[in-house]
Amino acid sequence: MKKDHSRRKWYFPLILYCITAVFIMGVFLGFTEHKYSLSLMESNMDGVLDSIQNSLIEKESHRIVTKNNYDDLNASKVRTAIYGMKNDKAFKNDSSSLRFIAFKMKVSRVDIIDMEGHVILASDGAAPDYSDPKFDGLRTVYDAYSFYVPFEAEYAGSSYRYYTEKLSDETQIVVAASTLTDSGIQSPMDTLLDVLPLTAVDMGGFVGAISGVDSTFIYWPEGQFEGQRCTDYGLTLDKFMDGKIHHISIGSESYYVKGILYSPMEVLLVAAIPHITILRSTYNTVGGLLLGFIFIMVICFVYVISNIEETLRLSFENKDTRRMYQHESLRTKVTISCVLSAAVFLALAFYVQTIFALNRQMISSRNLADKAVVALDEAYRTREAKIVSFNQEYLEKAQAAAELLSRNPDLQNSKDIALLSEAMGVEYFMLFDNEGRETVSDSTYINFELSADPDDQSYPFRRLLNGVPYYIQDAQPDELTGRNRQYIGVIMQNAEGETDGVLAMCIDPTLMYSTLLDTDLDYVLSSVTSGTAGFVYMINKDDYTFAWLPYEQYIGTDSRSMGQDESCLKDGMFYNSTFKGTKYFSFCEDVGRGWLVIAESKPALMRNRAAFAVQSFILAAALLVILDTILLLHPDQIYQEAVAENDFSRIAVTVFTGGGVEKKTREVGTRWMNGDIPWASRSADEKTTTVISWILYAFAFFITVLYMAREIIPGESDIIGSIASLNWKFGLNVFSLTASMMAICVAVTLVNNISGMISLAARAVNPRTETVLRLVRSTFEYGSVIGMIFVCLTLFGVNTTALWASAGILSLVIGLGSKDLVSDILSGLFLIFEGAFQVGDIVEVAGYRGTVEDIGVRTTKIMDSEHNIKVLSNGALVSGVINLTSRLSVFKLVLGVPLDTDLRKVESILTESLPNVGEFIPDIAEGPSYIGLDKIEEEQIKLVIKASCKETDRSQAMRDLRHILKEIMDKNGIKVVSIAG
């Protein structure tokens, strides 16, 4: 056996090219990924900025409604004060009476002034100077053609909102109440600062705000740069307003930004994505693909090199001077490996783009959902507080009305009560005596009586007659009119403090509803902006109806009728959904009162995926074609030089001389023993399989480490934890595919390691224990395979429980009617898993020899040396097959000579001549050699000659040896009776 040491000369240019190819692929992937990321990013930014503007316009309309409601409420207090001053006998025209009114109405002060702003009567001594020009707005009440507009002005270091009405042609009453801000009504800027944190741009981005007036940062996450001028960082507003994406640096941070001017507020809205997240996303995608490309190149390299080495060796043995590319078998294998490698990379590029895009959206959706949950909780608390405040406000109005009417019985008539209703801004009042009968009212009800039936709407008010001080009823449809109304009841007391009937006040809840607009789902969730074509919706837990979504016509519709799978409505669940014909990638969060779902359009999310994958595939195919071409041409040149010089020592392959044997598949005994073959002795398929197994081991190790470190590695490792948590919908999707691959890689690694340890242990024990260990290993391997099949089926949404049941019934039916069929199928599985023989092995079954052409589920096809194909059932093969692969076939020839032949002479001739015969018969690998006398019969002496060769060469070798034996005997004058074998 000869070995040349010029392998380095052969491999060096190949390794250099591989490094260059990896570099080219890395540059291409990085450039292409960055280009597509910018394209997707710009589209995402445009969509988010448009959504924010629409949201701000809607929020501003809600803010104006809330402000107007606040003004209407305070205006009614002014009218109530006027009514009390004119009709309450207890009112005295002095400061104490005004202070009492201010106290009861919960306002800062109540003053009476003349037309010039001089104070006539003040609720306390420190009244503002209403003649100051800043109070000129108060005097518009004297202008018949003007409408009074409340305004805010500062007095004594504090700001108040002022309301007024005329008392007479020359006097007016002024009420100073809390400002809009103090009353909880947001300013436009507050609304902006509420909306921006609920906005998510792809890749961890956000939307900031810069003043268009003085260029100061109004909002930036975590308070960075707020209050500072962007010009201090060398940035101008023009750079944000040209409609292009810019890469800027602010302090130590860098961002990709795009801005738009929101004219109503003179604010520049800036969509920004941190540069580091772009880099991380690019590194992950490019790194994953580049690593995959390296693995594919390594596998292709090993496979092609191994086949070239085999071809070189065979060419040397057969004195074949053809060029490498002229070998059809080698050309076919190289072509197939190139096509398959490029196809695998295409699938890998498509897969990596998908998995990392979903990973980014996972992180974005989860973060956005957390923000939305906080906003919803805050809105819920605010809503409860506002309802309590609203009810308290009107309860105090009802109590004030009851006190006023109790002190002034002469006002207890429908006319004065109607004036009181108008002054207080309520629908109407109803008074009831101690028996619950209506005594007077400005409503349309006549002779109404509080019901004694617990099911009636008015029943709770009868409890007031028993001493309960008040009752606030939730807004509900009126029993008679059907209109939405709210009732508040309080007791009336006489001068002695005794209960003297009940006053019921009716309110139109429209004012309350409009006050609660900024706490509605519509107000809160419309602020949550996700992606380019995504949206947020809420589903009720009790009936699965849409509680809110941007499409108003579907609110209240059963979400299941719109394609929503109720099994996906779980906390932290990721799944694919369809809405109005568009596919979405959705994330569900349990918010207690319902399920919050953030959906992102998959076409928008995966917009560049196909183009990226195809371009990567074209480049990968080109690079692999070049690699295979180099692999073919370079050794071909060396071989042609060796042929020309008749010096094969330069060939960098192992050449078998003498007894060498071509290994098409691993020697069967080695397979059974789970042993190892030297690398140089392995076939191309075995080398490739080994390299693939190493890669799978590395991948399994990587997945295991990444999963264990998912809490340490920030952000981008989220996909591993999410998939491992099984918090996604099982079915035909990328999550199921990824989970299956992860499970298979880890399981195969564990099974191989455990099987290896069992086999190692089996070598150190007695035969009985070894038998048990091998049985344990076999059972473990079969169980693992079956288990992994069912795990993968489960991940892909198959009901394995029903499958088990169906399998049991099917087995019973088949067992009764098709016993042989089942036996053949199971035998086929055993043959495949145990590796008793493989396609290409040479076997012998019941005296029939041939090469295994195909192993099917039920039958196996074997072709003999005459190219006849015999089909055998797997059941017959399990117990009766002899595997001759990788072992020399031994054949014997029986030479018959006459009885009177000199035996010693014949044996001497055979002993001397046979060792040289092998030179004339290249098919014989060992021998031939004389064994001895077999038997003496009546007419002849039979002598045995033995030789070894490949099974495929057996027939020709026997023919050639018969021919040479006859020539040897004739040459030495010995008659040959027969040559059998």
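Over how many bridges do strand β22 and strand β23 pair, and in which sense? I began with this question, working on a predicted model.

**Entry 1: β22 and β23.** I looked up β22, residues 582-590, and β23, residues 594-601. The two strands pair over 7 bridges in the antiparallel sense. Within this pairing I found F585 opposite E600 in β23.

**Entry 2: the sheet around them.** I then traced the open sheet of 5 strands, whose order is β20-β19-β23-β22-β21, with antiparallel pairing. At the edges stand β20 (546-548) and β21 (573-579); each has a single partner strand, so one side of each is left without a neighbour in the sheet. Neighbouring strands of this sheet are turned by 40° against each other on average, direction ignored. As a reminder to myself, strands of a sheet pair through backbone hydrogen bonds, either parallel or antiparallel.

**Entry 3: the helix across the sheet.** I next looked up helix α6, residues 328-407. Helix α6 lies across β19 (535-540), β21, β22 and β23, and runs at about 45° to β22.

**Entry 4: another open sheet.** I also recorded an open sheet of 5 strands with the order β8-β7-β11-β10-β9 and antiparallel pairing. Here β8 (217-219) and β9 (246-250) are the edge strands; because each has a single partner strand, one side of each is left without a neighbour in the sheet. From one strand to the next, the twist averages 45°.

Methods
Residues are numbered from 1 along each chain as its sequence is written. This is a predicted model: local features need pLDDT of at least 70, side-chain atom pairs count only at pLDDT 80 or more; totals for chains, interfaces and linings use all residues. Side-chain values use heavy atoms; hydrogens and water are left out. Two strands pair if DSSP finds at least two bridges between them. Helices (H or I, at least four residues) and strands (E, at least two) are DSSP runs, numbered from the N terminus. Axes are lines fitted to C-alpha atoms, for helices over the stretch in contact, and angles run from 0 to 180 degrees between N-to-C directions. Contact means heavy atoms within 4.5 Å.
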